[in-house]
Amino acid sequence: MHLLTTPLLYRILSFQTSPERTRIVGIILSLLFTVVMVVHMVMDEFLLHAVTFGTAVYLIATRTLKIIPRLIPDPVTRKNIQSVALFGCASFIFGYLVWLIDEWACRVLTKTRQAVGLPLAFLWHVFTAIGGYIAVAIIDLLTSGEVRNDSTEHLAWPIPVIARLTARGNGLARKDK
């Protein structure tokens, strides 16, 4: 989880900054990552792991949503990418909440799953993975300078489907197609 968020944080926090700030961000994130992972593994500590992960997701989401309007002048493209990014945030948050519930209520959920016969523990993996992929794709799109009209259509599933559904829901389908 932190192997996903730490590089994304580095990329988004060092985007369009000086080499000195880029180095400082890299050093700080490396130190924080090392401390959190050592404490989590040695002490089997969950709270620090969950809080730092949630904080990283929050920072990635807020920074990304602030960068989108600055980099994308076309209102339809901007709204489309914002909608996909917000869907990714919602998916990630839902997966994160299911993960927290799964962790805190593990014994009860395990007994319930055994009684009912449903393997629901994997759900948080699915939702955080979708949210994580969307974050990687959107941050890569923004920081690489490759944003163009309908650029979400050139990304891997599920982004094109999400972009079409959210565009329809917002009434922003491109009229020049």
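**Cover over helix 1.** I began with what lies over the buried residues of helix 1, and the cover includes helix 2, helix 3 (47-71) and helix 6. For contact I used heavy atoms within 4.5 Å. Helices (H or I, at least four residues) and strands (E, at least two) are DSSP runs, numbered from the N terminus. This is a predicted model, so I kept to its thresholds: local features need pLDDT of at least 70, side-chain atom pairs count only at pLDDT 80 or more, and totals for chains, interfaces and linings use all residues. Residues are numbered from 1 along each chain as its sequence is written, and side-chain values use heavy atoms, with hydrogens and water left out.

**Helix 1 itself.** Helix 1 covers residues 2-13, twelve residues in total, and spans 16 Å from its first C-alpha to its last, close to the 16 Å expected at 1.5 Å a residue. That expected span is 1.5 Å times one less than the number of residues. Which residues of helix 1 are buried? I noted His-2, Thr-5, Thr-6, Leu-8, Leu-9, Ile-12 and Leu-13. Buried means under 20% relative accessible area, exposed over 50%, and partly exposed in between (1.4 Å probe, protein chains only). An α-helix has 3.6 residues a turn, so residues three or four places apart point the same way.

I looked at Thr-5 first, and it counts as buried because its relative accessibility is 2%. Leaving aside neighbours within four places in sequence, Thr-5 is in contact with Phe-53, Ala-56, Val-57 and Ile-60. Then I turned to His-2, which is buried with a relative accessible area of 6%. Not counting residues up to four places away in sequence, His-2 touches Pro-7, Phe-33, Val-36, Met-37, His-49, Thr-52 and Phe-53. I also checked one spacing: His-2 and Phe-33 are 31 residues apart in sequence, with their C-alpha atoms 7.2 Å apart in space.

**Salt bridge.** How many salt bridges are there? My count came to one, taking a side-chain nitrogen of Lys or Arg within 4 Å of a carboxyl oxygen of Asp or Glu. Asp-140 pairs with Arg-11, and their closest N and O atoms are 3.0 Å apart. Asp-140 lies in helix 6 and Arg-11 in helix 1, so this pair ties together parts that are 129 residues apart in sequence. Asp-140 is partly exposed at 37% relative accessibility, and Arg-11 is partly exposed at 33%.

**A record to follow up.** The UniProt entry, which is unreviewed, lists His-125 under "binding site". UniProt positions are given in the numbering used here, feature names are shortened, and annotations may be inferred rather than shown by experiment. I found His-125 in helix 6 (residues 123-144), partly exposed at 45% relative accessibility.

**Surface patch.** Ile-24, Ile-28 and Leu-32 form a nonpolar patch on the surface, with about 270 Å² of accessible area together. Patch residues have over 30% relative accessible area and no salt bridge; like charges are joined within 9 Å, nonpolar side chains (Val, Leu, Ile, Met, Phe, Trp, Tyr) within 5 Å. I placed Ile-28 in helix 2 (residues 19-43), where it is partly exposed at 45% relative accessible area.

**Whole chain.** Buried residues make up 38% of its 177 residues. Among contacts between residues at least 6 apart in sequence, 72% join residues at least 24 apart.

Conventions: Accessible areas come from the Shrake-Rupley method with a 1.4 Å probe; for residues, only the protein chains shown count as cover.
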